[in-house]
Number of protein chains: 2
Amino acid sequence: MNKSNSFLNTDAWQSLQNQFYKLNKKEFHLKNLINTKNRLKNFSKQKCNFFYDYSKQRIDEKIFSELIKMSEELMIREKFSDMTDGVIVNQSENRAALQTATRDFSNRKIFVDNKNILPDIIQVNKKIKQFSLKIHNKTITTKSGKAFTDAVIIGIGGSYLGCNFVYNALLSNYQTKLNLHFLSNVDIDCFGKTISKINIETTLWIVISKSYTTIETMANLNQVMFYLKNNDLTPENHLITVTSKGSPGDDPANPVLESFHMFDFIGGRYSITSAVGGLPLSLAFGYDVFENFLKGAHELDEHAKNTDNKKNIPLISSLINVWNFNALEYNAAGIIPYSDALSKLAPHIQQLSMESLGKSVTQDKNFIDYTTGAIIFGEPGTNAQHSFFQLAHQGMAFPIEFIGVINPGFKKEQAEFNGVDNHQELWANMLSQSYALATGKDNNDNAKFFPGNRPSSTIIIENLKAENVGKLLSYYEAKTIFEGLILNINPFDQFGVELGKLNAKNIRKEIIEKNKNYNYEIREIDDTSKFYLDLLYSKRLL
Amino acid sequence: MNKSNSFLNTDAWQSLQNQFYKLNKKEFHLKNLINTKNRLKNFSKQKCNFFYDYSKQRIDEKIFSELIKMSEELMIREKFSDMTDGVIVNQSENRAALQTATRDFSNRKIFVDNKNILPDIIQVNKKIKQFSLKIHNKTITTKSGKAFTDAVIIGIGGSYLGCNFVYNALLSNYQTKLNLHFLSNVDIDCFGKTISKINIETTLWIVISKSYTTIETMANLNQVMFYLKNNDLTPENHLITVTSKGSPGDDPANPVLESFHMFDFIGGRYSITSAVGGLPLSLAFGYDVFENFLKGAHELDEHAKNTDNKKNIPLISSLINVWNFNALEYNAAGIIPYSDALSKLAPHIQQLSMESLGKSVTQDKNFIDYTTGAIIFGEPGTNAQHSFFQLAHQGMAFPIEFIGVINPGFKKEQAEFNGVDNHQELWANMLSQSYALATGKDNNDNAKFFPGNRPSSTIIIENLKAENVGKLLSYYEAKTIFEGLILNINPFDQFGVELGKLNAKNIRKEIIEKNKNYNYEIREIDDTSKFYLDLLYSKRLL
């Protein structure tokens, strides 16, 4: 085990270990910690109209300052800044990670392979703006002159999770110009469900794949092409591609309605501010809304890059995660937005965090013996209270990030119930949960005893306008990257998904043979898989 | 610590501890275990057209037989059988737990408080059948004679999660007669989203609340009543209640279109086979489909009750969970159905399992020091592969339950891609993942090294017809209850949700005062909550 580059070997972490004795002391129980003087004031930060409260985390001034020191020792923010300048931070794949450049509205230059990349990015956005306008003002219509009403994203993982989160968030505050749908799963029932919801005649299909080789996406695209043909419709009128320059999806030999470029230096799970999110969101809400989303993300990017560590919100948040998973030994974290419109946030962050941080080697490829990525899961509150909060209060403890939105999107007249409106009821619940988790409650009846001391953070934004959704996105991206940098892992690669793909290829090969010749005897795979393929071909249990 | 009634004190667990030395041995690595002779045959069971494969769990014959012995020592199946006979198994609330009775088509009698409960259950189902038929054949219409097109469930937690799972599963195989929507969250934006999807004139609203006091549900109902009134519509024409006999929702003074009874001996998260699921699902698909769902659930209930422990699928599965969380010390489990139609299964089981098992006291109210409930989460495959499977393969290990469906619902002509159809591609991936997780792969490049030895089970059903969805439901219910019985906890109560409710009440009180008088100074709550209410009233960050 080479720990030379690990946070475990920093002076600050050594010093933090001297603090561990406190953790189970009575005065360190959150019910007491949160009552220390100026707790909220000292353990919260507000920047860019984004409020972050970590007063209910199991840390004190000393631990906080050591965590900050650790980030300074490790030069975390400098490395983050390098990333935004185009340094090859994704070393294993020899790539830059320039998601921040896709929302950079400054006039600076960022070089990749000695070429300033910003003009290309601006060019793509301009094309998105013009194209979506033409759809909205009916310059581009169906062959028979009808306006398009729906767009289906054909894409999986990073090609849809982020867009699904942002689309659902913005639905609460904006009228749609087109409705979006997501054809992600290769399961044919996903295709079946999708076509049951649309009018094929007025639907656009947007294939999103950087390489244009992702099996699921290509299989679904193939299915869609078959379906278009059966309905006498053509890709020239209905299909749009978002893909790398020069990929098969960008080949004039395969004519489509329009094609938008993705860049090599932007990874799938970080791609929502590129054309991956830009095109669908501009079609749904108009380019201006998407641009505001970018502006919000950029504002928080700048904060992450430029603000001193001890006031840097995503950096503090990432240090707390490292503390929670490595000092306090939690194994999971919940994301609980008290906002129905943020119902797809947790699935997006689940990917962003678990795919970025679920690693077992350092950047320099030594095996790791500390906790990297944890399980991330969540549902909106108050729903979560009626689902798994029993366990959160009395079972296995896990830290939670609450998110509150000051103003709901719903603007029409509404009723009050028992003297409060629904939004106030929602907030009363959010506030009560973080407090109850922290304080607990004694009871002579053990079944009604609450241990408390369960940490949480709370994020508050003013509303779900595009700028704020952009900030939320940037916050989670920066937090994840900071965590990766502290843990000395590469948050941009995902070699862990390769073995499954390789095995699937072997199994697929056998299926292809058997599809060609039903008497072919499957042999090149393990016995159990063979047994299962027998069930599949028999169409029943045996 | 009183361990007298704990599984830790059984002879079998003592004997199991003598097996722990094996766990890290090379021959016990799953890549070797799964190649032992007749592994699949000996470590799988098939009953009721339900196939359960536990050959990729980290157990051998000896461990399996000791786990079975443990369940015999603890008389788990006898206790389960008692439950189905109406014994008060929910001791802390002094109630029976008779979800199995709601699908019991035998002619037996089950007594609660000296009264046979089956006639009442049959009566409710009969009423559901007649009522849904009247809606479908337009005997009951809107005031202006139109057919109803949509139904919105107003309910939270157990009043909607199960129904949402089953509704989405059945959508893949059945045409709807009415579309269902779910108004669960008290967030006013949830109401806003709901009304954007329906035609108010032809919509039924189904309030589901046993006590008719659940705050979120009552607040949403109040909002709906306000909305109906504004649209000149009445509850007599549009509102249905599913509630306890004699609750305010069952009061003739508050006239509604129809009212259906829930029973005290059925808990929320176990209520999907009562009127809670029965009414909405019958409206959506017809009563016959719901009845087939019940029949499937009953068939697996009988298996759970009557089949010898060593062949008992949900019992074996529960023992493996206890083994995984307490001997192998995993902290979370994934549920990964390779079926888009099962996308709402994991959120339902998340509630079912985490609310049932996230406990810290035994039935006799002693504190516990072993692992009870773990984190349960999941997304459908192959989507999950492109989200968090990086971590599953190379990060923190957690056991997974895969679910495969032999026949998809989609029956129309489809294309092949590269020689396989989409459903075959789906299965190739499912099989490859469990294999890759088990076997891992050596590589000189540490970043491409897969440790393997990551356990999984696989469930196979023939299709998503109602009977099979019923079996899936019963399997998870029985598994959860068996786990509770092994852990000696009460899987039917949820005292852990009370403290949050109590705190919310205190906060709500202050809001009510301030709503009455804006100059009222909030004081009776903690400073942090006060700060947050200031933001809420200011409608912005300060």
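The model is predicted, and local features need pLDDT of at least 70, side-chain atom pairs count only at pLDDT 80 or more, and totals for chains, interfaces and linings use all residues. Residues are numbered from 1 along each chain as its sequence is written, while chains are lettered from A and ligands numbered from 1 in the order in which they are written.

**How the two chains are related**

- Chain A can be laid on chain B by a turn of 180° and a shift of 0.0 Å along the axis, with an RMSD of 0.0 Å, where copies are superposed by least squares on the C-alpha atoms of residues with pLDDT of at least 70 in both.
- The two copies are thus related as by a two-fold rotation axis.

**Where the chains meet**

- The contact takes 122 residues from chain A and 122 residues from chain B, two residues being in contact if their C-beta atoms, placed from the backbone, lie within 7 Å.
- On the side of chain A that touches chain B, the largest share, 13 residues, comes from helix 16 (residues 422-439) of chain A; helices (H or I, at least four residues) and strands (E, at least two) are DSSP runs, numbered from the N terminus.
- Because 100% of the interface residues of chain A are also interface residues in chain B, the copies meet through the same surface.

**Strand 10 of chain B**

- Seven of the seven residues of strand 10 (residues 332-338) of chain B are buried, so this strand is largely enclosed by the rest of the structure; a residue is buried if 20 or more other C-beta atoms lie within 10 Å of its own, with C-beta atoms placed from the backbone.
- A332(B), G334(B), I336(B) and Y338(B) point one way from strand 10 of chain B, whereas A333(B), I335(B) and P337(B) point the other way.
- Strand 10 of chain B pairs in the parallel sense with strand 11 (residues 375-377) of chain B over three bridges, and with strand 12 (residues 400-405) of chain B over five bridges; two strands pair if DSSP finds at least two bridges between them.
- G334(B) has F377(B) in strand 11 of chain B as its bridge partner, and I336(B) has F402(B) in strand 12 of chain B.

**A sheet in chain A**

- Five strands of chain A form an open sheet with parallel pairing, in the order 6-5-7-8-9.
- Strand 6 (179-183) and strand 9 (258-262) of chain A stand at the edges, each with a single partner strand, so one side of each is left without a neighbour in the sheet.
- Strand 7 (residues 203-208) and strand 8 (residues 239-244) of chain A pair in the parallel sense over four bridges, and I208(A) stands opposite V242(A) in strand 8 of chain A.

Notes. Buried ≥ 20, exposed ≤ 12 C-beta atoms within 10 Å, placed from the backbone.
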